[in-house]
Amino acid sequence: MSHKGTSVSGQLTVSRKQLPKSVELQRIDVCTGKQTSSTATVSKRGRFSLTLAGPSATEPYALYRVAAKIGSKTRTFST
């Protein structure tokens, strides 16, 4: 089965006590400001992987942001 779009995988390096149950991937189309998001569960080792549809043909590029609640704070990482 093939997926079209952008795949993101990563690993959180925090203690098991602080490991969140899920992470959220958000895509922001830079020209229109349209936002699309998806969530993925985090494994016991802190790994996650998910795929979002790519930006439309009229969008030259998009911003991707991963957010996870670690402890009492939400941390975000952008590409």
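1. A polar contact of 3.2 Å links the side chains of R27 and D29; a polar contact is a pair of N or O atoms within 3.5 Å, where within protein one must be able to donate a hydrogen and the other to accept it, and residues adjacent in sequence count only if both atoms are side-chain atoms. The R27 and D29 side chains also meet in a salt bridge, at 3.2 Å from N to O. The salt bridge criterion is a side-chain nitrogen of Lys or Arg within 4 Å of a carboxyl oxygen of Asp or Glu. By this rule the count comes to one salt bridge. In general, side chains of opposite charge can pair when their charged atoms come close.

2. The model is a predicted one, in which local features need pLDDT of at least 70 and side-chain atom pairs count only at pLDDT 80 or more, whereas totals for chains, interfaces and linings use all residues. Residues are numbered from 1 along each chain as its sequence is written, and side-chain values use heavy atoms, with hydrogens and water left out.

3. Buried means under 20% relative accessible area, exposed over 50%, and partly exposed in between (1.4 Å probe, protein chains only). R27 lies in strand β2, residues 22-29. Leaving aside neighbours within four places in sequence, R27 is in contact (heavy atoms within 4.5 Å) with K34, Q35, T36, L52, A53, G54, P55, A62, L63 and Y64.

4. The chain comprises zero helices and six strands, and from the N terminus on its elements run β-β-β-β-β-β. Helices (H or I, at least four residues) and strands (E, at least two) are DSSP runs, numbered from the N terminus.

5. Four strands form an open sheet in the order β3-β2-β5-β6, with antiparallel pairing; two strands pair if DSSP finds at least two bridges between them. β3 (35-41) and β6 (73-78) stand at the edges, each with a single partner strand, so one side of each is left without a neighbour in the sheet. Neighbouring strands of this sheet are turned by 20 degrees against each other on average, direction ignored. For this angle, axes are lines fitted to C-alpha atoms, for helices over the stretch in contact, and angles run from 0 to 180 degrees between N-to-C directions.

6. Strand β5 (residues 62-70) pairs with β6 in the antiparallel sense over six bridges. A68 has R75 in β6 as its bridge partner, and I70 stands opposite K73 in β6. The two strands form a hairpin with two residues between them, and G71 in the turn has a positive phi of about 70 degrees.

7. V66 has its place in strand β5 and counts as buried, at 13% relative accessibility. Not counting residues up to four places away in sequence, V66 touches V8, V23, E24, L25, F48, R75, T76 and F77. V66 and K44 are 22 residues apart in sequence and 18 Å apart in space, C-alpha to C-alpha.

8. Values for the whole chain complete the note. Of its 79 residues, 29% count as buried. Residues 24 or more positions apart account for 58% of the contacts with a separation of 6 or more. The C-alpha atoms fill a box of roughly 45 × 30 × 15 Å along the principal axes. The chain exposes about 5700 Å², of which carbon and sulfur atoms supply 49%; accessible areas come from the Shrake-Rupley method with a 1.4 Å probe, and for residues only the protein chains shown count as cover.
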